[in-house]
Amino acid sequence: MSAEFVVDLAALSDNIRAVRERVAPAEAMLVVKDDAYRHGLDAVVPRAIAEGVRWIGALDVSTGVAVRALAPEARVFAWMLAGRDDVADALSARLDIGVGSAELLEDVAAVAQAQSATADVHLKIDTGLHRNGVRSEEWPAFVDRAVQLEALGVIHVVGIWSHIGEASDADDDDSRAVFETAVSQAREAGLTPEKLHLAASAAAFARPEFRYDMVRIGAFHYGIRSADGPSEQELGLAVVGSLQAAVEKVGRKDTIIGTGYVSGLMSTAAGSLTAATPGGRLPVTEIAADTLRIPHWDDAEAGQVVTLFGAKPADSATDLAERLGTIGEEVVLRLASDLPRRYVG
Ligand SMILES: *Cc1c(COP(=O)(O)O)cnc(C)c1O
C-alpha cells in the first residue's frame with residue numbers, strides 16, 4: 001500500500017480568503033511554483049480562480065503556460081526565463097514577465113517586436129538577495145532603456161518588484177530602502193508602474209509597509225507557516241496538505257504502516273516523526289524502505305488511517321521541519337514525485 005498526499009481544497013479556499021483579508025487593500029498573488037508546492041496545479045488553480053484570485057505566480061514559463069490553460073482570464077506572472085524561446089512562449093501565453101536583467105529586457109523587446117505584441121513586464125531590482133535582479137548601479141540605465149522601449153510600444157511596464165530574504169527585519173528594511181530608491185528613479189525617468197510588489201508570505205503578514213500594491217504568497221496559502229514563526233492558529237490559516245498512510249499489519253508490539261517510497265527526507269526523520277493514529281499520537285520507531293513501525297495501540301486494525309504530517313491533530317510540515325532543521329516547504333517538496341494525491345473539500 002502507498003501513502004497519499006491528501007489535499008483539502010476547502011482549507012485552500014479558507015486560506016485564500018484569510019490571506020486576502022489580511023493584506024487588503026493590497027492584492028494577493030497566489031504562487032504555484034513546484035506544482036503548487038506539490039498540492040497539484042490542476043486542482044489548485046481552478047479552485048483559486050473560483051475564489052476570485054486574479055494573479056497567479058508561476059516562476060517558470062512552462063508552469064505559466066500550464067496555468068494559462070487552466071485560467072484563461074488570470075494575470076499569470078513568470079520571472080524565470082532563459083532566452084528568446086522562453087520569451088516567445090511567455091508572450092504567446094499572455095504571461096506577465098518578470099525582467100531582472102538588461103539582456104532579458106532586450107530579448108523581450110526583440111520577441112515582442114517580431115510578434116507585433118506589447119509585452120507586459122515587471123522590472124526587478126536586486127535588493128540584496130543577488131538572485132536575478134538588476135543591481136542598483138545599473139538600474140538608472142535599465143529604466144531609461146525601458147522608457148524607450150515603452151515609447152516604441154514593445155513593452156508596457158506594469159510593475160516594479162523584488163524578492164526579500166524575510167530572515168531578519170533589519171535586512172528586509174535595508175532591502176526596502178533599495179526598493180524605494182529604485183521606484184523613485186523609475187518614476188523620475190518617466191515610468192508609471194501600477195503594481196509595486198516586494199513581499200512573500202512572512203513579510204506580507206507581519207509588516208504592512210511591505211505590502212505596496214501586491215504581495216506574492218505561496219507557503220501561507222497552503223497553510224505552511226514559517227519555521228520558528230507564528231502558529232497556524234495565530235496566522236488564521238489551515239494546513240491544506242496531509243501525508244496519510246494506512247495500517248498494513250498489526251503485531252503484538254508494533255503496528256506496521258504501509259507507505260511505499262514517500263520522501264527523501266523520511267530516512268532522516270526517524271526519531272522526529274510522530275504519527276497521529278486512532279490510538280493517539282505515537283512515535284514512529286523505525287522507518288524502512290516502504291513501511292513504518294509504530295508502537296501497538298488498542299483496537300489497531302489493518303486499513304486504519306494515520307497522518308504523518310498535516311492537519312491537526314498531526315504535526316504540521318513545519319513542526320516536523322523544525323525538528324529536522326529545515327523549513328516546511330522542504331518537507332512537502334521532498335515528497336516523492338509519484339506519490340498519489342487525493343482531493344477532498
Ligand atoms: C516562492 C516565491 C514567493 C512565495 O514565497 P512564500 O514564502 O512561499 O510565500 C514569492 N516570490 C518569489 C519571487 C518566489 O520565488
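Author: The dialogue below takes up helix pairs, then the ligand, then the backbone. The model is predicted, so local features need pLDDT of at least 70 and side-chain atom pairs count only at pLDDT 80 or more, while totals for chains, interfaces and linings use all residues. Residues are numbered from 1 along each chain as its sequence is written, and side-chain values use heavy atoms, with hydrogens and water left out.

Reader: At roughly what angle do the axes of H3 and H4 cross?

Author: Helices (H or I, at least four residues) and strands (E, at least two) are DSSP runs numbered from the N terminus. Axes are lines fitted to C-alpha atoms, for helices over the stretch in contact, with angles from 0 to 180 degrees between N-to-C directions. Here the axes of H3 (residues 41-50) and H4 (residues 61-70) cross at roughly 50 degrees and come within 9 Å. Angles under 35 degrees count as roughly parallel, over 145 as roughly antiparallel, 65 to 115 as roughly perpendicular and the rest as oblique; H3 and H4 are therefore oblique to each other.

Reader: Which residues of H3 and H4 meet?

Author: Contact means heavy atoms within 4.5 Å. Leu 41, Asp 42, Val 45 and Pro 46 of H3 meet Thr 63, Ala 66, Val 67 and Leu 70 of H4.

Reader: How are H6 and H7 oriented to each other?

Author: The axes of H6 (residues 102-114) and H7 (residues 139-152) cross at roughly 5 degrees and come within 11 Å. These two helices, H6 and H7, are therefore roughly parallel to each other. Ala 102, Leu 105, Glu 106 and Ala 109 from H6 meet Phe 142, Arg 145, Ala 146 and Leu 149 from H7.

Reader: Which atoms lie 2.8 Å from an oxygen atom of the ligand?

Author: A polar contact is a pair of N or O atoms within 3.5 Å; within protein, one must be able to donate a hydrogen and the other to accept it, and residues adjacent in sequence count only if both atoms are side-chain atoms. A backbone N or O atom of Gly 218 lies 2.8 Å from a ligand oxygen atom, and a backbone N or O atom of Ala 219 lies 2.8 Å from a ligand oxygen atom. For Ser 201, a side-chain N or O atom is 2.5 Å from an oxygen atom of the ligand.

Reader: Where are the cis peptide bonds?

Author: Most peptide bonds are trans, and most residues other than glycine have a negative phi. A cis bond joins Ala 24 and Pro 25, with omega about 5 degrees; Pro 25 lies in the loop between H1 (9-23) and S2 (27-31). Another cis bond joins Lys 312 and Pro 313, with omega about 10 degrees.
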